[in-house]
Amino acid sequence: MKIFYASFLLILVVSLNSAFAQEVDSIPIDTKGLDIKLKRSPLPSRTGNLIFKPVTLSPVVVDAKVNYWKTRTSVGINFSQASFSNNWTGGGVNSIALGGLVNYKAEYSKENLSYVSELILEYGKVRNKGQLQKKTRDRIFWDNKAAIQLSKNWYFFGSINFESQFDQGFKYYNEGGVEKEILTSKFMSPGYLTESMGFEYKPNKYFSTRIGTGTAKQTFVLAPEELFITPPDSVNRSESNYGVPKGKKFRNELAFQVVSNFEKEIFTNTVLKARYQMFIPYDRSLANIDHRLDITLTSKLNRLMNVSINGVGLLDKDTNPKIQASQTLALGVMFVFPR
C-alpha cells in the first residue's frame, strides 16, 4: 500500500512540475536589456561598407530593319526535240519545241493589312517538219489584291487583274493538201481588265475564296477588223468578237465574281496549284455564267530539274458555246529566287 501511495505522489509531483514548466515557457521574456554574446562564426566575413562604382555603358545600335515583304521568283525553261531518218519505218516527224515560264509573287503583311501581287508569263512554240509553227503556251496574267483583316478568317479586299497574250493565235485548216492559218487572236485582242471588291475567306495559308459583290470587267478587242473567230468555211464574221459588239473595241460588264485559290505541297517536293473563277454578269441570265479552272501540278526531281502538268478548263459562251480545254506536260529546269 505504501508503494502505491509513493507512486501516486511521484506522478502528481511530475505532472505539477510539467504544467508549471509549460506555463513558465509561455511567458514572454524581454531580452532587450540583456548583454547576450553570440559565439563568432568560424567562417570569414567582410566588415565595413560596400562601395559601388557606377559603370558607363555605351548604347549599341543594331542596323536592322523589319522587312514586311516576302518575294519569290520562279523561272522555268522546257525544251524538246525529235528527229528521224528518211528510212525510219516506225513513223514520226521531226520537231522542236521550246517553252518558258516566269512566275513572280510578292506579299506584304503588317498587322491587319496585306497586299499580294502575282505575275505569270507563259510562252511556248512547237515546229513540226512540213507544218506551220504553232503555239503551245501563251499567257500574260497579273493579279493584285489589297486586304484589311476584319476577323480571324475574314477580310475586306479590293483587287485588279489583267490578262492577255503575247503573240498572234491562229486556227489551222487544210486546203488542197496545204496547211493554212486564220488569225483568231493577238495581244489585247482580246485583253481583260477586272476590278473587284468584296469579302475574302481565308481559313489557312494555302486556301482562300474571294466573294466580289462589286465587280467590273472590261473586254478589249483592239483589232476587231483583223480577227475571224468563225471557221474558215464561213464567209461572214461572227456578230461579236469575244463578247465585244461588232464594230466596237471595248465592252464593260458589272458582275458578281467568285475566285478560289489553292496552293499546297501535297507530297514531298510536289506542289498542287489551282485557281477557279466564276463570273456572273448582272445584266444577263444565269446561262451566261463564265467558268475557268486552272490546275498545275509541279514535281521537283532535283535541285534544278522538274516536271509539271498543266490543265485549263474554260466555259465562256462569248467565245464558244462548249467547254474549251487545254493540257500541257513539260520537263525542264526551274530556277527559284530566293532559295
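Is S308 buried or exposed? S308 counts as buried, because its relative accessibility is 16% and the cut-off for buried is under 20%. Keep in mind as you look around that this is a predicted model.

**S308 and its surroundings**
- You'll find S308 in strand β15, which covers residues 305-315.
- Setting aside neighbours within four places in sequence, S308 is in contact with L297, T298, T328, L329 and A330.

**The loop between β7 and β8**
- This loop sits between β7 (178-185) and β8 (191-201), and P190 is part of it.
- S189 and P190 are joined by a cis peptide bond, with omega at about 10°.
- M188 has its place in the loop between β7 and β8 too.
- The phi of M188 is positive, near 65°, even though the residue isn't a glycine.
- M188 counts as buried because its relative accessibility is 11%, and buried means under 20%.

**Another positive phi: Y242**
- Look for Y242 in the loop that links β10 (240-241) and β11 (244-245).
- Y242 isn't a glycine, yet its phi is positive at about 55°.
- With a relative accessibility of 14%, Y242 counts as buried.

- F337 and P338 are connected by a cis peptide bond, and omega here is about -15°.
- P338 belongs to the segment after β16, a strand that spans 324-337.

Notes
Residues numbered from 1 in each chain as written. Predicted model: local features only at pLDDT ≥ 70, side-chain atom pairs only at ≥ 80, totals over all residues. Heavy atoms only, no water. Helix = DSSP H or I, 4+ residues; strand = E, 2+ residues; numbered from the N terminus. Buried < 20%, exposed > 50% of the residue type's maximum accessible area, 1.4 Å probe, protein only. Contact = heavy atoms within 4.5 Å.
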